[in-house]
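Colleague: Could you walk me through this one? I'd like to begin with the ligand and then move on to the backbone.

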Amino acid sequence: MSRALVIGAGVAGLTAATALAERGAKVTVVERSRELGDNASWLAGGMLAPFCEGESAPLSVVETGKGAIDWWARRVPGVSRTGTLVVTPPRDSSEIERFAARTRSHERADEKRIAELEPDLAGRFRKGLFFASEGHLDPRAAMRALLKALERRGGELRFGENGEGVAAGAGLVVDCRGFAARSELPELRGVRGEMIRVRTREINLKRCVRLLHPRIPLYVVPRGGGEYMIGATMIESAEKGPVTVRSAIELMSAAYALHPAFGEAEILEMSADVRPAFADNEPRVVERDGRIFVNGFYRHGFLLAPALAARAADLVFARAAAKKARLVEA
Ligand SMILES: Cc1cc2nc3c(=O)[nH]c(=O)nc-3n(C[C@H](O)[C@H](O)[C@H](O)COP(=O)(O)OP(=O)(O)OC[C@H]3O[C@@H](n4cnc5c(N)ncnc54)[C@H](O)[C@@H]3O)c2cc1C
């Protein structure tokens with residue numbers, strides 16, 4: 001059995017640990033925070049929307065992300081397969097044509113179809129696109145579920161531990177520190193993301209809804225019990241600090257444009273964190289200085305981490321097998 005040490009308990013670390021443990025490795029995860037959270041993964045919308053992301057992401061992201069929804073549904077409860085509805089205000093209807101031209105696996109949704117899909121949006125939008133095969137999950141519940149499953153397989157998670165200095169003796173090291181790995185991966189950049197969590201009983205959306213807007217594109221992800229995640233800003237900055245007034249105004253007014261009931265919603269949380277990204281916005285598994293880095297998830301952590309975790313696990317087992325062969329030879 002191989003041993004592996006995973007540094008970081010964001011979505012990259014927890015999926016890598018899961019892939020390794022499922023193949024029989026003895027896995028330890030070290031996380032510098034005292035509990036799950038306080039990272040980019042905790043703030044994610046949890047959209048599993050490869051086709052919508054194809055609007056701005058390369059084809060490889062669409063192709064790699066297609067398997068994510070099944071991966072998550074096999075491992076964590078509550079994965080929603082209700083699809084994504086994309087709408088646009090009437091004055092920006094050309095946005096829908098642009099979005100449709102850049103994406104696939106969607107059906108056109110006119111006013112009637114929008115009302116069938118989301119009765120609470122009836123009469124508000126005339127043009128939309130429906131991506132039936134997409135879905136979403138609650139990132140916090142999903143990460144807790146992965147952690148529990150890992151513990152059931154004999155994995156260990158050590159909170160409040162800095163993994164930076166950890167190396168030999170622990171087996172292979174899989175470094176999933178997100179933006180904190182920039183010291184070893186100087187090509188990483190930070191893309192700040194801000195989100196708001198609200199609660200309202202006045203609107204009941206069943207699926208993730210994206211509002212196309214030339215200045216403030218928005219998505220709203222239902223979390224159940226009247227709770228919604230409203231996201232997210234994309235700012236070229238590695239500044240983690242609190243949500244700015246401007247971002248809060250923009251996100252909330254876009255939500256209000258989607259449905260005025262959001263104007264009366266209770267604000268439960270406003271948070272910001274930094275997405276780790278490479279220049280091409282595509283994640284990588286990189287071997288450097290004796291470590292395997294899994295990083296650069298940009299806005300696709302939940303969408304792409306399962307596939308990258310499998311690649312990282314392949315590499316760990318290949319390195320372990322090579323080491324064993326060298327020992328046998330000696
Ligand atoms: C607002 C927002 C919305 C998003 N929405 C989506 C979405 O809908 N769908 C999607 O797929 N993606 C989404 N993303 C992107 C996704 O959240 C990120 O791509 C992903 O979280 C990156 O995960 P990570 O594990 O690499 O980094 P992180 O989540 O930042 O985790 C890194 C972990 O490493 C730990 N760490 C750092 N240094 C050390 C150390 N020295 N020792 C031990 N531990 C250490 C940190 O404490 C942290 O827990 C969103 C991001 C944001 C900010």
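Modeller: Bear in mind that this is a predicted model. Around the ligand there are 37 residues, and those that come nearest are Glu31, Ser41, Asn162, Tyr298 and Phe302.

Colleague: Which helices and strands supply at least two residues of the shell, and what is its make-up by class?

Modeller: At least two shell residues come from each of helices H1 (11-22), H2 (40-43) and H10 (301-329), and also from each of strands E2 (26-31) and E14 (266-277). By class, the shell has 17 nonpolar, 13 polar and seven charged residues.

Colleague: Tyr298 was on your list; what is its phi, and is the residue buried or exposed?

Modeller: Tyrosine 298 has a positive phi of about 50°, although it is not a glycine, and it sits in the loop between E16 and H10. It counts as buried because its relative accessible area is 17%, and the cut-off for buried is under 20%.

Colleague: And what about aspartate 289?

Modeller: Aspartate 289 also has a positive phi of about 50° without being a glycine, and its place is the loop between strand E15 (284-288) and strand E16 (291-295). With 69% relative accessibility, aspartate 289 counts as exposed. For context, most residues other than glycine have a negative phi, and most peptide bonds are trans.

Colleague: Where is there a cis peptide bond, then?

Modeller: A cis peptide bond joins glycine 231 and alanine 232, with omega about -25°; alanine 232 is in the loop between strand E13 (227-231) and helix H9 (245-258).

Colleague: Switching to helix H6, which of its residues are buried?

Modeller: In H6, residues 94-102, the buried ones are Glu95, Ile96, Phe99 and Ala100. Seen down the helix axis they fall within an arc of 130°, so they line one face of H6. Ser94 and Ala101, on the other side of H6, are exposed.

Colleague: What covers that buried set?

Modeller: The cover over the buried residues of H6 includes helix H3 (50-53) and strands E4 (84-87), E5 (107-110) and E6 (127-131).

Conventions: Residues numbered from 1 in each chain as written. Predicted model: local features only at pLDDT ≥ 70, side-chain atom pairs only at ≥ 80, totals over all residues. Heavy atoms only, no water. Near = heavy atom within 4 Å. Helix = DSSP H or I, 4+ residues; strand = E, 2+ residues; numbered from the N terminus. Nonpolar A, V, L, I, M, F, W, Y, C, P; charged D, E, K, R; others polar. Buried < 20%, exposed > 50% of the residue type's maximum accessible area, 1.4 Å probe, protein only. Arc of directions from axis to C-beta. Contact = heavy atoms within 4.5 Å.
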